[in-house]
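Subject: Structure handover

Hi,

Here is the structure we talked about.

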Amino acid sequence: MANLLLIESPGKSKKLSQILGAGWIVRASMGHVRELANDGEDALGFDLSGDRIECRYEPRGAKGKKVLSDLRQAVKQADAVYIATDPDREGETIGWHLQQELKLKNPHRVVYSEITSQAVKAAIAHPRTLDQSLIAAGRARDCLDKLVGYKGSKHIVWRLNLGAKSMGRVQSATLHLLCVREKEIQAFKPQDYWSVWVEYQEGFKAFYRAKLNAKPGSKSAASEAPDDATEGKEAQESDRVTSQAEADRLVAIARANPHQVVTVEGKVAQQAPPPPFITSSLQQAAGAKLRFSPDKAMKVAQALYEAGHITYMRTDSVSLAEPFCAAVRQYLEAHDPTNVPSKTTRHRAVKGAQEAHEAIRPTDVKRVPAQLQASADETKLYELIWNRAVASQCCSARLRKTRVVTKSGAVQWEANGQVVEFPGYTRYWNNLSADSQLPALQQGQPLTLKQAAADKKQTQPPPRYTEPKLVQLMERKGIGRPSTYAPTIKTLKEREYVQIEKGKLQPTALGMGLDGALEKLLPELIQPEFTAQMEAALDTIAHGKQDWQGYLTAWHRTYFVPALEKAGQLLKTNSAQVVNVNGAQGSKEGTTQLPKANQLKPQATVTKTACPKCGEAMSKIPSKSKKLKANHFLKCGGAGCGTVMFWNPEGKRYEMPYAQRIPDPEAFTDVPCPVCGALLERYCYTKEGKEKMMLRCSLLENRRGKCKEVAFFKGHDGFWSPKFGTLKLDLVK
């Protein structure tokens with residue numbers, strides 16, 4: 001008999017098996033193994049009665065059933081079972097589902113934030129029981145999200161006839177932020193202005209100032225606070241001059257009068273190092289510096305974590321373990337001794353942070369980025385994480401911020417700059433603004449004018465959000481949690497509520513229409529403050545200070561049911577006024593007018609094709625999407641189903657999206673994937689008119705990423721792969 005360690009991802013199996021050695025069996029749940037059933041009222045899978053909730057859980061499809069069947073066999077072979085799902089609220093809930101489904105009486109819960117020998121063995125030596133408060137919060141979140149998503153979509157969104165598929169507690173609040181900004185852009189009226197400047201032979205440029213109040217290092221004169229979501233800094237400008245005549249007058253004065261230095265003011269400032277990464281700041285920095293989407297950043301970080309290179313990547317804690325801080329100090333003493341501070345900077349966590357474990361950091365500071373053996377994307381992200389963690393333990397940067405005021409006639413000009421006297425942490429993480437360095441000047445010194453001019457400019461509307469900026473805004477507004485930022489943005493794009501336009505997120509006509517309707521029908525639910533209150537309630541539940549069933553039933557009874565009834569009545573009596581996809585009042589010159597609601601409604605025709613999930617007849621929906629291989633797709637008309645199918649011209653049949661297909665249990669083999677450890681599956685296809693078979697990784701997300709080269713083709717003696725060799729036929733059961 002042996003000890004059994006249950007984990008989530010098969011990608012960790014090999015590393016953990018090496019750490020634990022003989023006497024241990026490591027098995028993966030492949031993420032969530034159970035979910036709320038799609039039955040009962042509105043297919044919620046749970047009933048609300050009084051202040052109690054009765055949930056009905058079921059395995060996640062055929063694949064979930066097979067995983068659970070395999071895990072039951074593993075449990076029979078074990079003396080003791082250790083649950084080592086991820087160290088967060090979701091991981092705790094998955095652990096509870098495993099306990100319930102596998103009927104484990106006394107499982108040991110172990111938590112580690114890095115896959116290293118020391119951390120894993122320490123966790124095994126100090127197990128605890130499952131945290132029932134965290135589980136309650138996880139179950140509450142699942143029920144709350146399904147309640148809002150299913151009821152709101154069925155009773156409100158589908159009745160709008162816009163073509164929108166869904167709404168959601170976090171999804172709709174995030175969409176609202178984007179639509180509010182889009183309305184501001186549509187309503188914006190540009191105005192002309194002039195930036196007036198002079199350039200001196202002494203080697204610097206100064207800008208017109210109507211008033212001079214700021215001191216060097218003050219908010220207006222100093223560089224802006226470092227921002228992970230922004231790369232670069234806007235150019236300096238003068239005070240805005242609103243007419244050509246005034247700009248010409250100032251330029252004429254500059255050219256006609258001698259110039260001299262009025263004041264030279266300097267101030268030495270210390271700029272503290274930034275904190276190590278948390279989930280949101282990692283997503284922001286990866287977006288700004290590497291052009292990674294939040295979803296890609298998290299997938300690459302997951303690979304680094306599973307390989308044992310970094311600590312767990314879903315965290316909002318900025319703290320670092322003392323042993324790691326000591327290791328960084330030793331590294332700096334050996335390689336950068338002038339950068340060892342007498343006292344390291346203390347960083348504050350964001351408001352509402354869980355701080356259950358550490359910030360994101362390398363597991364071994366001695367593993368410098370140049371030594372990492374990984375893919376190009378993993379190396380780039382690891383370098384960001386390594387640099388940021390080391391920088392957080394360094395000395396502050398010392399800057400000399402300088403302001404020079406010059407004068408010609410009665411007109412004053414200002415130049416701001418800074419000199420880095422000691423780089424400190426910026427040797428590893430340079431987030432300083434690119435202000436120009438000013439020459440040595442003296443008060444009263446005459447200056448030689450090289451050029452004076454005025455640049456005509458135009459005021460700009462507020463910018464659309466990049467993905468990193470949206471993550472930053474979601475964090476500040478309290479919408480969602482670190483684990484939800486990336487999937488929320490991904491969902492908005494997949495639903496075609498937003499699109500990427502020149503690197504920015506722009507709401508589509510569909511997104512604007514849906515948000516405009518929800519703003520009238522469920523105005524509280526899409527407000528960030530309202531969603532943040534729900535997150536705070538979930539945190540209270542996680543701390544054991546509130547009963548989750550009592551909270552959810554009260555929220556449903558006192559807010560959601562009356563809100564849905566009011567929205568339904570409004571839709572019934574004023575549907576024409578509710579559905580207004582323009583998102584702005586009237587027509588504005590220079591703005592893009594979105595199509596009317598009836599132009600968005602697809603003309604569906606019922607077909608004879610039965611839905612593979614519920615058996616209802618499917619409807620043909622016209623589509624102009626370039627992603628489709630036909631000019632339409634099929635959608636189920638059954639209540640609460642919403643299954644879609646797309647035409648496959650090669651197989652000459654309609655198929656469900658890969659992510660929604662129910663796996664065939666017979667397709668799974670007993671052979672593990674050579675890259676991630678998941679089971680290989682049989683895949684049949686047609687080539688040159690012949691039916692063929694291959695083996696591939698059974699995890700869709702891995703097939704699109706690290707396992708895309710895993711392909712075993714069927715030959716006479718077995719299955720062969722150009723990269724991984726041959727598998728005997730008798731091994732493939």
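Glu-496 counts as partly exposed, at 44% relative accessibility. Partly exposed is the range between buried (under 20% relative accessible area) and exposed (over 50%), with a 1.4 Å probe and protein chains only. Glu-496 lies in the loop between helix 13 (485-494) and strand 16 (498-501). Its phi is positive, about 65°, although Glu-496 is not a glycine. Helices (H or I, at least four residues) and strands (E, at least two) are DSSP runs, numbered from the N terminus.

Asp-42 also has a positive phi, near 55°, and is a residue other than glycine. Asp-42 sits in the loop between strand 3 (34-36) and strand 4 (46-49). Asp-42 is buried, with a relative accessible area of 11%.

Before you go further: this is a predicted model, where local features need pLDDT of at least 70 and side-chain atom pairs count only at pLDDT 80 or more, while totals for chains, interfaces and linings use all residues. Residues are numbered from 1 along each chain as its sequence is written, and side-chain values use heavy atoms, with hydrogens and water left out.

Four strands form an open sheet in the order 2-1-7-8, with parallel pairing. Its edge strands are strand 2 (24-28) and strand 8 (108-109), each pairing on one side only. Strands count as paired if DSSP finds at least two bridges between them. Strand 1 (residues 2-7) and strand 7 (residues 78-83) pair in the parallel sense over five bridges. Leu-5 stands opposite Tyr-82 in strand 7.

Now cysteines. There are zero disulfides, a disulfide being a pair of cysteine sulfur atoms within 2.5 Å. For Cys-395, the nearest cysteine sulfur is that of Cys-394, 7.0 Å away. Cys-395 is buried at 14% relative accessible area. Cys-684 is partly exposed at 49%.

Last, cavities. The structure holds two of 30 Å³ or more. A cavity is a set of points, on a 1 Å grid over the protein atoms alone, where a 1.4 Å probe fits but cannot get out; lining residues have an atom within 4 Å of a point. Points are joined across faces, edges and corners, and a volume is the space filled by probe spheres set on them. The largest cavity has a volume of about 40 Å³. Its lining includes Lys-12, Asp-86, Arg-109 and Tyr-305. The lining residues divide into six nonpolar, one polar and three charged. Here Ala, Val, Leu, Ile, Met, Phe, Trp, Tyr, Cys and Pro count as nonpolar, Asp, Glu, Lys and Arg as charged, and the others, Gly among them, as polar.

Best wishes

Notes
1 Å grid on protein atoms, 1.4 Å probe; cavity = no way out; pocket = protein on both sides within 12 Å on 5 of 7 lines; lining within 4 Å.
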